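Please examine the sequence and the three-dimensional structure shown below before reading on.

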Amino acid sequence: MDGPRVTMDVRHIGETAAVVDIKGDVTAACEPVLMSAYEQAGGLAASRLVLNFGGLEYMNSGGIGMLVTLLVRANRHRQQLAAYGLTDHYREIFELTRLDEAITIFEDEASALASTGTAR
Amino acid sequence: MTSLTQPARPPGRRLAAFAVASEPGNERLALDQVAAAVASSGLTPARLERLKTAVAEATMNAIEHGNLGQPDVPVDVEVIQDGADIIVAITDLGGEHQPAGPAEEPDLALKLDGVQRARGWGLFLIRNMVDGMQVRTDGQRHTVELTMRSEGDQT
């Protein structure tokens, strides 16, 4: 199988928040894609990054490790990470790994953005 | 987890048997074929998703740590139904070795503090996704056997 099977498109919401629309597989192979999306989202200028997992097809332990790496970077710069669109299965994995304690999970994009006053 | 030495194969009815090449990403092929094989076995959708995740992680371990990513060395996958039990046996040719993963339980707080590495969730996921896991070795054949009950306490 070839390279990462994922796209991560960035939408800017206001000046300090961005949504990353994830479509495909989240594995260790897509770390460059995620880090590129992080930079497109504003890098250190973005105070809140919302991950849209609505298009997620598959995530493995390597992908979870990659999210931990993103979390380390975000925590270092006091940035908030949020997520929505997770299926029940991946929500369970977030709970099992306790990622849900570090990445706040919301039902939808509106609530994810509203929680910080960046709703459109 | 137990480590056995006899070349035991689980009894029951074989639902599928196939091999995948030891190439990154081929765990997707394994989980898709296992999912197709157990489609009529009575697993609830939630438990099927759990089994698929465990199969993917065990296959990744077999590819990376058993067969050392050598594409010409296959990972064998066998799916058995034994009564209410679905058993998936995943075999590499790496001989006796421990399943990949840290000795300690992964801890997100320690990972965020840099005490543990960011990766190392695979074995943890397997253990928490299925009802049983056994490891056995017969010469070079190293098998991880995953068991998921299709009846009883289902979520």
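The questions and answers that follow move from one chain to the contact between chains and then to single residues.

This is a predicted model, in which local features need pLDDT of at least 70, side-chain atom pairs count only at pLDDT 80 or more, and totals for chains, interfaces and linings use all residues. Residues are numbered from 1 along each chain as its sequence is written, while chains are lettered from A and ligands numbered from 1 in the order in which they are written.

Q: What percentage of the residues of chain B count as buried?
A: A residue is buried if 20 or more other C-beta atoms lie within 10 Å of its own, exposed if 12 or fewer, and partly exposed in between, with C-beta atoms placed from the backbone. Chain B has 155 residues, and the share of them that counts as buried is 41%.

Q: Which residues of helix 2 of chain B meet helix 1 of chain B?
A: Two residues are in contact if their C-beta atoms, placed from the backbone, lie within 7 Å. On the side of helix 1 of chain B, the residues are B:Glu27, B:Ala30, B:Leu31, B:Val34 and B:Ala35. On the side of helix 2 of chain B, they are B:Leu48, B:Lys52, B:Val55, B:Ala56, B:Thr59, B:Met60 and B:Ile63.

Q: At what angle do helix 1 and helix 2 of chain B pack?
A: Two packed helices are described by the angle between their axes and the distance between the axes. Axes are lines fitted to C-alpha atoms, for helices over the stretch in contact, and angles run from 0 to 180 degrees between N-to-C directions. For helix 1 and helix 2 of chain B, the axes are 8 Å apart and the angle is about 145 degrees.

Q: Is the crossing of helix 2 and helix 4 of chain B left-handed or right-handed?
A: The axes of helix 2 and helix 4 (residues 122-129) of chain B come within 9 Å and cross at roughly 145 degrees. A crossing is left-handed if the near helix is turned anticlockwise from the far one by less than a right angle, and right-handed if clockwise. The crossing of helix 2 and helix 4 of chain B is left-handed.

Q: Which residues does B:Ala54 touch, not counting residues up to four places away in sequence?
A: B:Ala54 belongs to helix 2 of chain B and takes part in the meeting with helix 4 of chain B. Its partners under this count are B:Leu125, B:Ile126, B:Met129, B:Val130 and B:Leu146.

Q: Which helix supplies the largest share of the side of chain A that touches chain B?
A: In the contact between the chains, 20 residues of chain A meet 19 residues of chain B. Helix 2 and helix 3 (88-97) of chain A each supply at least two residues of this side of chain A. The largest share, nine residues, comes from helix 2 of chain A.

Q: Is A:Arg73 buried, exposed or partly exposed?
A: A:Arg73 lies in helix 2 of chain A. Because 15 other C-beta atoms lie within 10 Å, A:Arg73 is partly exposed.

Q: What is the phi of A:Arg78?
A: A:Arg78 lies in the loop between helix 2 (61-76) and strand 4 (80-84) of chain A. With 8 other C-beta atoms within 10 Å, A:Arg78 is exposed. Most residues other than glycine have a negative phi. The phi of A:Arg78 is positive, near 55 degrees.

Q: What is the phi of B:Leu68?
A: B:Leu68 lies in the loop between helix 2 (45-66) and strand 3 (74-82) of chain B. B:Leu68 is exposed, with 12 other C-beta atoms within 10 Å. The phi of B:Leu68 is a positive value, near 50 degrees.

Definitions and conventions
Helix = DSSP H or I, 4+ residues; strand = E, 2+ residues; numbered from the N terminus.
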